[in-house]
Amino acid sequence: PDAKIEVQAYTTEGKNGKAKEKLSLMRAKVVEDMLVTYGVDRGQISSKGMGDKDDAKAKENKMEIVVK
């Protein structure tokens, strides 16, 4: 119950950095919503749109869930 979860999403889609961050944030929010439907308290979750900050992850449109 004390764990904090950060959902990070990456993408190379989009014309510029802001668009990539916005798209990746939207994708992270979908995962956040899914976690809530499975019973995780929304207060434990944060979502982060990483855009293409890590090129290798962005090429795969990767999602990461970090538990702290």
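Trainee: How many bridges join strand 1 to strand 3, and in which sense do the two run?
Mentor: Five bridges join them, and the strands run antiparallel. Keep in mind that this is a predicted model. Strand 3 covers residues 63-67.

Trainee: Which residue in strand 3 is the bridge partner of E6?
Mentor: V66 is the bridge partner of E6 there.

Trainee: And how does strand 1 pair with strand 2?
Mentor: In the parallel sense, over six bridges. Strand 2 takes in residues 45-51. Within strand 2, Q8 has K48 as its bridge partner.

Trainee: What unit do strand 1, helix 1 and strand 2 make?
Mentor: A β-α-β unit, and a right-handed one. Helix 1 spans residues 17-37.

Trainee: Back to strand 1. Is it mostly covered or mostly open?
Mentor: Mostly covered. Six of its six residues, 5-10, are buried.

Trainee: Which residues point which way?
Mentor: I5, V7 and A9 point one way. E6, Q8 and Y10 point the other way. Both sets are buried.

Trainee: E6 is charged. What does its side chain pair with?
Mentor: E6 forms a salt bridge with K68. The closest N and O atoms are 3.9 Å apart. That pair links distant parts of the chain, with E6 in strand 1 and K68 in the segment after strand 3. The two are 62 residues apart.

Trainee: Buried or exposed, what is K68?
Mentor: K68 is exposed, at a relative accessible area of 61%. E6 has 13%, so it counts as buried.

Trainee: How many salt bridges does the count come to?
Mentor: Nine. Let's take two more.

Trainee: Okay, D52. Which side chain does it meet in a salt bridge?
Mentor: K20, at 3.0 Å from N to O. This pair also links distant parts of the chain. D52 is in the loop between strand 2 and helix 2, while K20 is in helix 1. They are 32 residues apart.

Trainee: Why does K20 count as buried?
Mentor: Its relative accessible area is 13%, and buried means under 20%. D52 is partly exposed, with 32%.

Trainee: And R42, what does it meet?
Mentor: The side chain of E32, in a salt bridge of 3.1 Å, N to O. R42 sits in the loop between helix 1 and strand 2, and E32 sits in helix 1. They are ten residues apart, and the pair is one that links distant parts of the chain.

Trainee: How accessible are R42 and E32?
Mentor: R42 is partly exposed, with a relative accessible area of 40%. E32 is buried, at 5%.

Trainee: Which residues are linked with R42 and E32 in a network of salt bridges?
Mentor: K29 and D33. The network is K29, E32, D33 and R42.

Trainee: What else does the side chain of E32 touch by a polar contact?
Mentor: The side chain of S47, at 2.4 Å. S47 lies in strand 2. At 19% relative accessibility, S47 counts as buried.

Trainee: What is S47 in contact with, leaving aside neighbours within four places in sequence?
Mentor: V7, L25, A28, K29 and E32. K29 and E32 also belong to the salt-bridge network.

Trainee: New one: S24. Where is it, and is it buried or exposed?
Mentor: S24 is in helix 1. It is buried, with a relative accessible area of 0%.

Trainee: Which backbone oxygen does its side chain reach?
Mentor: That of K20, at 2.9 Å. K20 is also the partner of D52 in a salt bridge.

Trainee: And the contacts of S24 beyond four places in sequence?
Mentor: A9, Y10 and T11, plus G49, M50 and G51. A9 and Y10 are residues of strand 1 that point opposite ways.

Trainee: Last topic. What about the phi of N61?
Mentor: Positive, about 50 degrees, although N61 is not a glycine. N61 lies in the loop between helix 2 (55-59) and strand 3.

Trainee: How accessible is N61?
Mentor: Partly exposed, with a relative accessible area of 30%.

Conventions:
Residues are numbered from 1 along each chain as its sequence is written. This is a predicted model: local features need pLDDT of at least 70, side-chain atom pairs count only at pLDDT 80 or more; totals for chains, interfaces and linings use all residues. Side-chain values use heavy atoms; hydrogens and water are left out. Buried means under 20% relative accessible area, exposed over 50%, partly exposed in between (1.4 Å probe, protein chains only). Helices (H or I, at least four residues) and strands (E, at least two) are DSSP runs, numbered from the N terminus. Two strands pair if DSSP finds at least two bridges between them. A crossover is right-handed if, with the strands pointing away from the viewer, the path from the first strand over the helix to the second runs clockwise. A salt bridge is a side-chain nitrogen of Lys or Arg within 4 Å of a carboxyl oxygen of Asp or Glu. A polar contact is a pair of N or O atoms within 3.5 Å; within protein, one must be able to donate a hydrogen and the other to accept it, and residues adjacent in sequence count only if both atoms are side-chain atoms. Contact means heavy atoms within 4.5 Å.
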